[in-house]
Amino acid sequence: MLCELAPSFGLLGLWATLTALGLASQILFSGTVFLLSYVNPTYEQWRFKLNPEYPSAAMVRDEIIQMLKGLVAATIPPAVSIYLASTGVSQGYCGGGGYSAGYTALSFAAIFFGTDFVEWGYHQLGHRYTSMWEVHRHHHKFYNPTPFAVIADEWIDQLVRALPLLVFPVVMPINMDLLFFTYTLLFYGYGTYLHWGYELDIGCARDMKYIYGSYEHYLHHAISIKNKPLHTGFFLKLWDQLAQTEDKGKCRCSHCERAAGKRTKEQWEKLEKPDYSPLLQPDFWVKGLTAAKSE
């Protein structure tokens with residue numbers, strides 16, 4: 001399906017189309033989860049919230065503005081990738097391409113493990129080097145993230161993180177539909193969970209030995225700063241385990257907080273619940289865009 005888009009749209013048209021589709025995906029994934037989890041939350045929901053406070057409407061607005069900045073850059077590599085595949089310059093293909101199911105499975109494994117490693121490595125560098133931290137720190141403004149923070153990055157960060165979508169078809173035959181399906185549903189979908197701000201009811205987060213959950217990613221936002229990379233992985237904990245960049249301090253997941261007698265009904269009743277209705281007001285967005293330009 002993707003290969004047929006290039007002749008009709010051209011490179012610029014492809015970028016615009018993918019940006020529109022990306023925005024639709026963000027509304028579907030991030031917008032729906034935000035609506036269900038942050039607008040009129042219940043006490044039962046709040047008991048599983050990682051940070052007991054809720055971000056202000058202004059912070060969520062800034063998150064969305066940063067998300068949109070990341071989006072317009074993140075769709076450049078995939079647009080070029082589809083264009084090159086359609087013109088036969090790269091090895092990307094649509095349909096079966098004459099390859100076996102076994103090769104398709106190996107391709108998926110290459111996409112999954114390769115992208116997860118690159119994401120971890122680039123993220124590590126963003127915390128280790130001052131020049132890269134100056135770019136990445138904009139993402140850490142959102143220390144109490146919502147699902148809109150998945151790609152709330154500066155444009156260069158998202159451009160680099162989307163490069164595997166261009167590189168994979170250049171270096172190996174790859175099914176383009178499989179590649180984009182994996183990135184859209186698996187990586188953005190799981191990224192929405194990591195930035196959810198809540199936990200699933202699965203016990204202590206530290207019991208998850210191999211795969212990252214939302215607690216470690218929230219912790220990353222909260223305590224991982226310049227020269228202090230912690231929990232920079234996306235799916236697999238293996239890379240941080242090998243680099244010894246895991247937090248070893250006291251567990252502060254919602255399960256342990258509840259076990260310590262916190263998250264009580266009394267605390268909930270005293271908690272300030274932000275009014276997110278300003279997000280529907282145009283002048284509220286104008287103020288946010290004006291402030292963003294002055295930074």
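Student: What should the 19 residues of helix H9 (residues 176-194) span, and how far apart are its end C-alpha atoms?

Tutor: The general idea is that the expected span of a helix is 1.5 Å times one less than its number of residues, where helices (H or I, at least four residues) and strands (E, at least two) are DSSP runs numbered from the N terminus. Helix H9 should therefore span 27 Å, and its end C-alpha atoms are 26 Å apart, which agrees. Before we go on, note that this is a predicted model, in which local features need pLDDT of at least 70 and side-chain atom pairs count only at pLDDT 80 or more, while totals for chains, interfaces and linings use all residues. Residues are numbered from 1 along each chain as its sequence is written, and side-chain values use heavy atoms, with hydrogens and water left out.

Student: How many of the 19 residues of H9 are buried, and which residue caps its N-terminal end?

Tutor: Buried means under 20% relative accessible area, exposed means over 50%, and partly exposed lies in between (1.4 Å probe, protein chains only). By that reading H9 is mostly covered, with 14 of its 19 residues buried. The cap is Asn 175, which places a side-chain oxygen 3.0 Å from the backbone nitrogen of Asp 177.

Student: How many salt bridges does a search of the whole structure find, and where do Glu 119 and Arg 161 lie?

Tutor: Side chains of opposite charge can pair when their charged atoms come close. Here a salt bridge is a side-chain nitrogen of Lys or Arg within 4 Å of a carboxyl oxygen of Asp or Glu, and the search finds 12 of them. In one of these, the side chains of Glu 119 and Arg 161 meet at 3.2 Å, N to O. Glu 119 lies in helix H5 (residues 101-128) and Arg 161 in helix H7 (residues 155-161), so the pair ties together parts that are 42 residues apart in sequence. Glu 119 is buried at a relative accessible area of 17%, and Arg 161 is buried at 14%.

Student: Are Glu 266 and Lys 270 buried or exposed?

Tutor: Glu 266 counts as exposed at 51% relative accessibility, and Lys 270 is exposed as well, with a relative accessible area of 67%. The two form a salt bridge whose closest N and O atoms are 3.5 Å apart, and, being four residues apart in helix H13 (residues 265-270), they are separated by about one helical turn.

Student: Where is Lys 49 placed, and what does its side chain reach at 2.9 Å?

Tutor: Lys 49 sits in the loop between helix H2 (43-46) and helix H3 (57-74), and it counts as buried at 0% relative accessibility. Its side chain reaches the backbone oxygen of Glu 53 at 2.9 Å. With contact taken as heavy atoms within 4.5 Å, and not counting residues up to four places away in sequence, Lys 49 touches several residues, including Tyr 38, Asn 144 and Arg 263. Lys 49 and Glu 199 are 150 residues apart in sequence, yet 6.4 Å apart in space, C-alpha to C-alpha.

Student: Which residues does Glu 216 touch, not counting residues up to four places away in sequence?

Tutor: Glu 216, placed in helix H10 (residues 214-223), touches Ala 205, His 231 and Lys 237, with that exclusion applied. Glu 216 counts as buried at 3% relative accessibility.

Definitions and conventions. Polar contact = N/O pair within 3.5 Å; in protein donor to acceptor, adjacent residues only side chain to side chain.
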